[in-house]
Amino acid sequence: MINGEVTLCSRDCHATWLSDEFTGEGHPNWRGGGNAAYGKGWNAVREAALERDEYECVYCGVTAEKLGRNPDVHHIVPVRVFVETPVLIEQDAHTLDNVVSLCPACHRTAEFGRVSRAELRWRGGIARHVYPDGHGWGSKTVASPSSSAL
Ligand SMILES: [Zn+2]
Ligand SMILES: [Zn+2]
């Protein structure tokens, strides 16, 4: 499933945690793997993100032309967080303010948690988003305590 070449949220990230956490767990939404498991809305938001980011890596600025393909589109808050949060579903992860375009190298860096979510949002020009359940997503620079009551 992972061919070692493409590091895509919709394949690599997903396949990794799918095999770690969901294999054999009877999680019907996630059977089958691949892009289909990301459900409705993923392709649309992926394309919208690429357009917003002008087909460039928001972190290092490399262009699709230089890459020879489109940058990956990375979920700032991983899809599994949405799946694990009872009031949310995976499609809630597929919003423009939760995705950024990253080249494979920067994507890997982000996957390893070496880039904060706040920084990814900032680089992607994404305004802070208040989630309906009040999750702060562990980011240092967002959400002051008083605003979480909103
Ligand atoms: Zn990713
Ligand atoms: Zn990059």
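Two residues count as being in contact here if their C-beta atoms, placed from the backbone, lie within 7 Å. By that rule, and leaving aside residues up to four places away in sequence, Leu-102 touches Cys-57, Val-58, Tyr-59, Pro-71, Asp-72, His-74, His-107 and Ala-110.

Before going further, some ground rules. This is a predicted model, so local features need pLDDT of at least 70 and side-chain atom pairs count only at pLDDT 80 or more, while totals for chains, interfaces and linings use all residues. Residues are numbered from 1 along each chain as its sequence is written, and chains are lettered from A and ligands numbered from 1 in the order in which they are written.

**Confidence**

On pLDDT (the predictor's confidence in each residue, from 0 to 100), the chain averages 74, with 59% of its residues at 70 or more. Residues 1-7 sit below 50, and that stretch has twelve contacts in the model beyond near neighbours in sequence. Residues 136-150 are also below 50, with 16 contacts beyond near neighbours in sequence.

**Overall layout**

Helices (H or I, at least four residues) and strands (E, at least two) are DSSP runs numbered from the N terminus. The chain has six helices and two strands, and from the N terminus on they go α-α-α-β-α-β-α-α. Among contacts with a separation of 6 or more, 61% come from residues 24 or more positions apart.

For burial, the count is of other C-beta atoms within 10 Å of a residue's own, with C-beta atoms placed from the backbone: 20 or more is buried, 12 or fewer is exposed, and anything in between is partly exposed. Of the 150 residues, 31% count as buried.

A nonpolar core is a set of buried Ala, Val, Leu, Ile, Met, Phe, Trp, Tyr and Cys residues joined through C-beta atoms within 7 Å. The largest one has 20 residues, and Cys-57, Val-99, Val-100, Leu-102 and Cys-106 touch the most other members. Helix H2 (42-52), helix H4 (79-84), strand E2 (99-102) and helix H5 (104-111) each give two or more residues to this core.

Strands pair if DSSP finds at least two bridges between them. E1 and E2 run antiparallel and are joined by four bridges, and His-75 has Val-99 as its bridge partner in E2. Strand E1 (residues 72-75) is covered on both faces, with Asp-72 and His-74 buried on one side and Val-73 and His-75 buried on the other.

In H2, the buried residues are Trp-42, Val-45, Arg-46 and Ala-49. They share one side of the helix, because they cover an arc of only 105° around the axis (taken from the directions from the helix axis to the C-beta atoms). The face turned away from that side carries the exposed residues Ala-44, Glu-47 and Glu-51.

H5 buries Cys-106, His-107 and Ala-110. Down the axis of H5 these fall within an arc of 105°, so they line one face of the helix. What covers them includes E1, E2 and helix H6 (117-123). After H5 comes Gly-113, with a positive phi near 75°.

**Single residues worth a click**

| Residue | Other C-beta atoms within 10 Å | Class |
|---|---|---|
| Ala-93 | 24 | buried |
| Ala-44 | 11 | exposed |
| Glu-54 | 12 | exposed |
| Tyr-55 | 17 | partly exposed |

Ala-93 is in the loop between H4 and E2. Not counting residues up to four places away in sequence, Ala-93 touches His-75, Val-77, Val-79, Phe-82 and Asn-98. Its C-alpha atom is 8.6 Å from that of Val-81, twelve residues apart in sequence.

Ala-44, in helix H2, has its C-alpha atom 9.5 Å from that of Thr-95, 51 residues apart along the chain.

Most residues other than glycine have a negative phi. Glu-54, in the loop between H2 and helix H3 (64-67), has a positive phi near 55°. Tyr-55 lies in the loop between H2 and H3 too, and has a positive phi of about 55° although it is not a glycine.
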